[in-house]
Amino acid sequence: MKIRKNILPVFILFMTLSAVAQEENAYVREGNRLYKSKKYTEAEIAYRKGLLKNPKSAEAAYNLGNALYKQEKYAEALEQYQRVAPTDNISREKLAAVLHNTGNALLLQKKIAESIDAYKKSLKVNPKDDETRYNLAFAQYLLKQQQQNQDNKQNQDKQQPKEQEKKPEKKNDQQQEKQQPSDMSKEKAEQILEALMQDEENTMEKAKQQPAASRKGTDKDW
């Protein structure tokens, strides 16, 4: 009788865990079905229910990240990817996909340097992934453009005080008229800065569009 009493609680616990796993899997499957139908908000809800049943579910967290990514909730998607990335019980292929999508989420938040690091980590796991290699090259291009724009802006800022030092003090209207050429150069400098800033915004807009245009999708599924 004592032996049976010891076995019974273990059996009940096993049945409980099995039921929880089944419910989690059911929510994940439902989420996958909704995701394939491009119902990303509904898929997000299903994946979150799966995580409530099993907060350690790598599949539910990763798929939730993808559903959030599709809704352009990049910061929230990144949180889910980062929950999965340290996990040791996923395959190298899945880990590479997590790091690839981490890079995408970072890039679309204009965290270019961090996205480059994520792409490099993904390529270390899966060196044959051409999509990740493309995104890495594209992010490196954007970073170079950003640095060039920053250098140009710094050069403009350094030149501006020199022009101001040459201006005489405003004593009368006649002298103020003589200052007109200096004022015009200041306006021209501001226009150049605005053009540089606009160019950077246009470049970042290409970051959102270019990967999608060259492939079927920017996120990787399991």
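A residue is called buried when its relative accessible area is under 20%, exposed when that area is over 50%, and partly exposed in between. Applied to this predicted model, the scale places Arg133 among the partly exposed residues, because its relative accessible area is 37%. Its salt-bridge partner is Asp130, with the closest N and O atoms 2.8 Å apart, and Asp130 counts as exposed, since its relative accessibility is 56%. Both residues belong to helix H7, which covers residues 130–165, and because they are 3 residues apart, about one helical turn separates them.

In general terms, side chains of opposite charge can pair when their charged atoms come close. Helix H6, made up of residues 112–125, holds both Lys121 and Asp117, 4 residues apart, or about one turn of the helix. These two form a salt bridge whose closest N and O atoms are 3.4 Å apart. Lys121 counts as partly exposed at 43% relative accessibility, and Asp117 is likewise partly exposed, at 39%.

A further pair is found in helix H2, residues 40–53, where Arg48 and Glu44 are 4 residues apart, about one turn of the helix. Their closest N and O atoms are 3.0 Å apart in the salt bridge that they form. How accessible is each of the two partners, Arg48 and Glu44? Arg48 has a relative accessibility of 33% and therefore counts as partly exposed, whereas Glu44, with a relative accessible area of 10%, is buried.

In soluble globular proteins, nonpolar side chains tend to be buried together. The largest nonpolar core in this model has 28 residues, and those with the most contacts inside it are Tyr35, Ala43, Tyr47, Tyr62, Tyr69, Tyr81 and Val84. At least two residues of this core are supplied by each of helix H1 (2–36), H2, helix H3 (58–70), helix H4 (74–84) and helix H5 (92–107). Which helix provides the largest share of this core? That helix is H3, from which 8 residues come. Another core, of 9 residues, lies apart from the largest one, and its members include Leu107, Tyr119, Leu123 and Ala139.

Key: Residues numbered from 1 in each chain as written. Predicted model: local features only at pLDDT ≥ 70, side-chain atom pairs only at ≥ 80, totals over all residues. Heavy atoms only, no water. Salt bridge = Lys/Arg side-chain N within 4 Å of Asp/Glu carboxyl O. Buried < 20%, exposed > 50% of the residue type's maximum accessible area, 1.4 Å probe, protein only. Core = buried A, V, L, I, M, F, W, Y, C linked by side-chain atoms within 4.5 Å.
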